[in-house]
Amino acid sequence: MLNPNIGKLIKNYENRYRLVLDVAHTARDISKAQEENGEISTLKPVSVAIDTLANKTED
């Protein structure tokens, strides 16, 4: 997903702070997993994290 609508994401959270914390935590997990596996990605972990959370909210 390219540039998910933040308005749609925020509806699943009580506040923006919680959304930012979840994005940051997910991005760190993604970055750590890529580093451990020796993967090189052209995508930034924050972008991947936002897409991941957006896909979770669609389910």
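## Terms and basis

A residue is called buried when its relative accessible area is under 20%, exposed when it is over 50%, and partly exposed in between, using a 1.4 Å probe and protein chains only. The structure is a predicted model, in which local features need pLDDT of at least 70 and side-chain atom pairs count only at pLDDT 80 or more, while totals for chains, interfaces and linings use all residues. Residues are numbered from 1 along each chain as its sequence is written, and side-chain values use heavy atoms, with hydrogens and water left out.

## The salt bridge

A salt bridge requires a side-chain nitrogen of Lys or Arg within 4 Å of a carboxyl oxygen of Asp or Glu. The count by this rule is one. The pair is R18 and D22, whose closest N and O atoms lie 2.7 Å apart.

Both residues belong to helix α2 (residues 16–37), four residues apart, and about one helical turn separates them. Helices are DSSP runs of H or I with at least four residues, numbered from the N terminus. R18 is partly exposed at 42% relative accessible area, whereas D22 is buried at 18%.

## The nonpolar core

A nonpolar core is a set of buried Ala, Val, Leu, Ile, Met, Phe, Trp, Tyr and Cys residues joined through side-chain atoms within 4.5 Å. The largest one has nine residues, including L9, Y13, L19 and I30. Helices α2 and α3 each give two or more residues to this core, and α2 gives the most, with four.

## Residue V48

V48 is located in helix α3 (residues 45–58) and is partly exposed, at 22%. Leaving aside residues up to four places away in sequence, V48 touches I30 and L43, contact meaning heavy atoms within 4.5 Å.
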